[in-house]
Amino acid sequence: MADQQNKLIALDESLARIAQARQIALGGWSMSRKPCGMIRHIIAAGLRLPEVVILTAGVETDMLLAAGAVDRVRTFYFGLEAFGMGPGQRRGADMIEETESSLLFGLQAAAQGQPFHAVARHHCRALLTLRADLETITCPYGGDEYVALPPIAPDLAIIHAWRCDRRGNAEFGGTLAADRLLAAAARETIVTCEELVDDLAAIGGQADLIAPQTSAVVHLPNGAWPTGCEPRYRPDWKGLRDYAQLDPDAVPAWLDRHPLPTKG
Amino acid sequence: MDEPVTIAEQMVISMSHLLEQAELVQLGLMSPLAQVAALLSAHRRGDTGPAIEDPSAFTVSWAPRSAALTCSDVAAQQGSVRQFEADEWVARIMGNMTGRMRQFIRAAQIDITGGINTLYLPGRDGKRRRIAGLAGLAELADIARPFLVYLPLQDKRTFVQRVEFEVCNPLDSHDGSDRQIILVSDLAVFRITRKGPEILSVHPSTDPGEFAARTPFAVDLQTIPPQTPQPEPADMELLRKVVDPLNIRDIEFASGAARTKLLDRLIEQEPGFVEKIAGS
């Protein structure tokens with residue numbers, strides 16, 4: 001049985017858990033708190049992820065694609081915002097397309113143990129033309145037609161936090177994204193963190209994830225780079241610009257020039 | 001005004017006036033022109049203007065910041081009354097804002113019947129694929145009234161007879177209400193309803209022949225449409241000195257080497273600027 005007082009695990013153990021997962025959710029939003037450090041370790045370990053679930057796919061997903069380390073991406077946005085497309089994205093991606101609602105409501109259905117989440121058909125008109133797996137239902141009360149969004153229950157979520165204690169109480173810092181929902185929907189959650197503390201409450205921290213929601217903790221300072229992690233550091237805009245301009249084949253050498261984040 | 005009004009400035013000021021009547025304006029994560037227009041609208045009206053939802057951190061504020069290309073969650077939190085989670089905002093707040101919220105969407109394509117799409121990506125098979133849900137477009141189409149769209153470059157590929165792939169059509173009414181789309185382009189301002197498209201005004205700098213050639217419906221050059229009002233000097237000063245002193249508004253009009261140069265300049269200047277916003 002896992003030690004409830006100390007969920008800190010070694011990087012190798014976290015990679016072994018990730019290697020078992022079929023569907024992996026990645027936390028963060030836009031250019032903030034993306035778990036890029038763990039992604040780089042996944043690439044370095046030669047793992048191949050069958051499916052990534054992410055709200056706004058950016059540099060972390062692009063690195064996976066450029067390295068050939070992911071088969072499928074489930075998202076409602078993919079890009080490097082002002083920098084356009086990244087090298088991995090330019091190479092092309094197999095995508096499961098979602099809308100903001102369909103992804104969030106699918107995760108919500110999983111978090112609540114529901115068989116589906118009903119959403120108005122007109123919100124999914126485009127999605128229905130792209131997703132043959134989606135079914136419609138008739139409302140038993142009003143008779144209107146709805147789309148039954150299936151639950152999205154990732155095997156594992158990887159969430160990068162500002163600080164976390166050994167029990168697994170984690171404080172995100174900056175944007176909250178939908179990371180609490182990801183953790184609630186996923187069967188297992190690995191938190192990587194900038195700062196490992198003994199007791200979050202004792203230093204005045206406020207947990208965004210409480211320990212029972214966290215399966216394991218990995219101390220990974222600088223683990224969001226090149227995205228930012230408030231209040232420790234801002235996104236590395238020059239690094240992101242340089243990355244966006246790379247040829248796909250040049251990505252491994254570029255990553256090699258930036259040291260892998262390791263336990264502090 | 002010493003410097004002439006650019007098309008970016010003409011557009012952004014026209015856009016800002018269309019946002020003033022909203023209770024809440026969403027900035028949009030990837031749309032510099034929409035961001036500048038929203039912040040200009042909020043600055044102009046002060047605390048009687050619309051609240052700004054900043055998607056960098058899902059915050060709501062009546063204390064508008066200056067515009068920055070590089071979204072910053074720390075800047076987004078300055079002066080905000082509340083920070084939301086993404087799912088909380090989308091599922092519980094945004095959906096209940098019908099008629100009270102506005103947001104400018106940059107379309108990849110819009111057609112004369114109101115069909116819209118926003119983004120394409122390369123698939124692994126090499127084919128282009130449209131993304132179905134960017135920016136919660138289908139949901140926004142139901143909520144935002146009028147539905148606001150902009151095109152930095154209106155041409156026969158972007159303003160079309162029929163879009164290649166329709167993500168949503170904001171004119172589709174599910175509650176019997178009359179709906180309209182207002183489109184602000186680099187040439188003119190249009191209204192699209194179920195009756196079809198109409199020209200509301202043509203920008204002062206627009207060449208009539210070019211306008212006719214880049215518009216997907218017949219334009220009668222003999223009937224001169226009204227001219228879009230010239231920006232007020234006070235608006236120009238507010239825009240250039242307070243709202244967008246770094247000139248991010250130009251990024252959507254630049255391409256190739258010019259875009260790279262502008263991007264490089266912004267990357268150099270913005271970190272210090274964002275720190276200033278965050279610390280103000």
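## Helix packing and chain contact in a predicted complex

The crossing of H1(B) and H2(B) is right-handed, a crossing being right-handed if the near helix is turned clockwise from the far one by less than a right angle, and left-handed if anticlockwise. Helices (H or I, at least four residues) and strands (E, at least two) are DSSP runs, numbered from the N terminus. This is a predicted model, in which local features need pLDDT of at least 70 and side-chain atom pairs count only at pLDDT 80 or more, while totals for chains, interfaces and linings use all residues. Residues are numbered from 1 along each chain as its sequence is written, and chains are lettered from A and ligands numbered from 1 in the order in which they are written.

**Confidence**
- The predictor gives the complex an ipTM of 0.93 and a pTM of 0.94.
- Chain B has an average pLDDT (the predictor's confidence in each residue, from 0 to 100) of 89, and 96% of its residues score at least 70.

**H1(B) with H2(B)**
- The axes of H1 (residues 7–19) and H2 (residues 32–45) of chain B come within 8 Å and cross at roughly 55°; axes are lines fitted to C-alpha atoms, for helices over the stretch in contact, with angles from 0 to 180 degrees between N-to-C directions.
- H1(B) and H2(B) are therefore oblique to each other (under 35 degrees counts as roughly parallel, over 145 as roughly antiparallel, 65 to 115 as roughly perpendicular and the rest as oblique).
- Residues in contact (C-beta atoms, placed from the backbone, within 7 Å) include Met11(B) and Met15(B) of H1(B), and Leu40(B) and Arg44(B) of H2(B).
- By class, this contact has ten nonpolar, two polar and one charged residues; Ala, Val, Leu, Ile, Met, Phe, Trp, Tyr, Cys and Pro count as nonpolar, Asp, Glu, Lys and Arg as charged, and the others, Gly among them, as polar.

**H1(B) with H7(B)**
- The axes of H1(B) and H7 (residues 233–243) of chain B come within 11 Å and cross at roughly 105°, which makes the two helices roughly perpendicular.
- Glu9(B), Val12(B) and Ile13(B) of H1(B) meet Asp235(B), Met236(B) and Leu239(B) of H7(B).
- Four nonpolar, no polar and two charged residues make up this contact.

**Where the chains touch**
- The contact takes 38 residues from chain B and 43 residues from chain A.
- H4(B) gives the most to the side of chain B that touches chain A, with four residues.
- That side of chain B has 22 nonpolar, nine polar and seven charged residues.

Conventions:
Two residues are in contact if their C-beta atoms, placed from the backbone, lie within 7 Å.
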